[in-house]
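Let's take a friendly look at this structure together. Please keep the sequence and the 3D view at hand as you read.

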Amino acid sequence: MPKFLFVALCLAWSGLNAQQPVSWQTLAGVRYDYIRKSGQMFWYGKPTFSPEVLALDGKSVTVTGYVLPVDLASNLYYLSANPFSSCFFCGGAGQESVIELRLKNPRDRYVMDERVTFTGILRLSTQELEVSYILDQASRTR
């Protein structure tokens, strides 16, 4: 019996720490209502997440995409479902197609359009000046 209990605990522990692969198709499960607050010049896309996306909030996930260096001085990178030429900022893709990378190791550097798989904690954001998806403690999966 103790051996069975040990194996069950090991399996449970590995399940808690496992990274869940997430597809861009799943992350597309968000709707945006565009509003403009009184006195502001810009429109803000307020996200409403699907139940599948809400279930990922705070979970350890892996996601593959194209690196977009936004501000190298402040170490700000995004991961995009699409390369730069058709990303959210430059092409016709939606806001749900980018994830802000908050790197675990701030000394890590990446180049434009490098296709990389990252692991981290997915956070959903409804803040006005943030993208909807943030990957905390992001690190390259080898």
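## The largest nonpolar core

In this predicted model, the largest nonpolar core has 24 residues. Those that touch the most other members are Leu79, Ile99, Leu101, Phe118, Leu122, Tyr133 and Leu135. At least two core residues come from each of these elements: helix H2 (24-27) and strands S2 (30-35), S4 (60-71), S5 (76-80), S6 (98-103), S7 (115-124) and S8 (133-140). Strand S7 is the top contributor to this core, with four residues.

## Thr62 in strand S4

If you follow strand S4, you will come to Thr62. Is Thr62 buried or exposed? Its relative accessible area is 17%, under the 20% cut-off, so Thr62 counts as buried.

Setting aside neighbours within four places in sequence, Thr62 contacts Gln19, Gln20, Pro21 and Val22, along with Thr117, Phe118, Thr119 and Thr141. One of these partners, Phe118, is also among the core residues that touch the most other members.

## Gly45 in strand S3

Gly45 sits in strand S3, which covers residues 44-49. With a relative accessibility of 7%, Gly45 is buried too, because the limit is under 20%.

Which residues does Gly45 touch, not counting those up to four places away in sequence? They are Tyr32, Asp33, Tyr34 and Gln95. Gln95 lies 50 residues from Gly45 in sequence, yet their C-alpha atoms are 8.5 Å apart in space.

## Confidence in the model

The average pLDDT for the protein is 84, and 82% of the residues score at least 70. Residues 4-16 have pLDDT below 50, and this stretch makes zero contacts in the model beyond near neighbours in sequence.

Note on methods:
Residues are numbered from 1 along each chain as its sequence is written. This is a predicted model: local features need pLDDT of at least 70, side-chain atom pairs count only at pLDDT 80 or more; totals for chains, interfaces and linings use all residues. Side-chain values use heavy atoms; hydrogens and water are left out. A nonpolar core is a set of buried Ala, Val, Leu, Ile, Met, Phe, Trp, Tyr and Cys residues joined through side-chain atoms within 4.5 Å. Buried means under 20% relative accessible area, exposed over 50%, partly exposed in between (1.4 Å probe, protein chains only). Contact means heavy atoms within 4.5 Å. pLDDT is the predictor's confidence in each residue, from 0 to 100.
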